[in-house]
Amino acid sequence: MGVSGSGKTTIAELLAERLDRPFAEADDFHPQANVDKMAAGEPLTDDDRWPWLETMRDWLSSQAARGLPSIVTCSALRRVYRDVLRGADGTVLFVHLAGQPALVRQRVERRQGHFMPPALLESQYETLEPLEPDENGIVVGVADTPEQVVESIIEQLGLRAGEK
């Protein structure tokens, strides 16, 4: 979880590879209307988000039913959004990729071909609700290299490469 540009996709892809787990990108679950809205610089409303979050929750449940621990990226900026994802079958654990706004903005401005414009980044930081003590998750800084961030996640979660 984290704001746009925090490295969710990069980190999740590396983590999925290291742990040999299925991976899904939250952006792929958005209906075209949501993509068009964000591309126009318009933030999504909760009404836009609920079906998107429910689709991800259902994907997580389908993976759990197959006995496959999996990884999905999602901004999950508010607790109520995480509550929907937490409704998935199995154990849901959040990894909050946290970065300083200046660093993340620089990354967003360098991205090519992504529908999320830098102008919406500030609103994401304003919306972000950090994990609360009763939420299952960890916070990891993103200033290091992606490989170092992945290593930190694996270490903090007590996992080993290839472990299910």
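Colleague: Where does R79 lie?
Modeller: In this predicted model, R79 is located in helix α4.

Colleague: With which side chain does the side chain of R79 make a polar contact?
Modeller: The partner is the side chain of E132, at 3.1 Å.

Colleague: And which residues does R79 touch, not counting those up to four places away in sequence?
Modeller: R79 touches R86, E129, E132, D134 and E135.

Colleague: Turning to the rings, how many aromatic pairs are there?
Modeller: The count is 2 aromatic pairs. In one of them, F29 and W59 are arranged edge-to-face, with 6.4 Å from centre to centre and 65° between the planes.

Colleague: Which parts of the chain does that pair link?
Modeller: Distant ones: F29 is in the loop between β1 (23–24) and α2 (32–39), whereas W59 is in helix α3 (residues 46–65), 30 residues apart.

Colleague: Is F29 buried or exposed?
Modeller: F29 has 18% relative accessibility, so it counts as buried. W59 is also buried, because its relative accessible area is 18%, under the 20% limit.

Colleague: Why is the pair of W50 and Y81 edge-to-face?
Modeller: Because their planes stand at 70°, and over 60 degrees counts as edge-to-face. The ring centres of W50 and Y81 are 5.7 Å apart. This pair, too, links distant parts of the chain, with W50 in helix α3 and Y81 in helix α4 (residues 79–86), 31 residues apart.

Notes: Residues are numbered from 1 along each chain as its sequence is written. This is a predicted model: local features need pLDDT of at least 70, side-chain atom pairs count only at pLDDT 80 or more; totals for chains, interfaces and linings use all residues. Side-chain values use heavy atoms; hydrogens and water are left out. Rings of Phe, Tyr and Trp (its six-membered ring) pair if their centres lie within 6.5 Å; planes under 30 degrees apart count as stacked, over 60 as edge-to-face and the rest as tilted. Helices (H or I, at least four residues) and strands (E, at least two) are DSSP runs, numbered from the N terminus. Buried means under 20% relative accessible area, exposed over 50%, partly exposed in between (1.4 Å probe, protein chains only). A polar contact is a pair of N or O atoms within 3.5 Å; within protein, one must be able to donate a hydrogen and the other to accept it, and residues adjacent in sequence count only if both atoms are side-chain atoms. Contact means heavy atoms within 4.5 Å.
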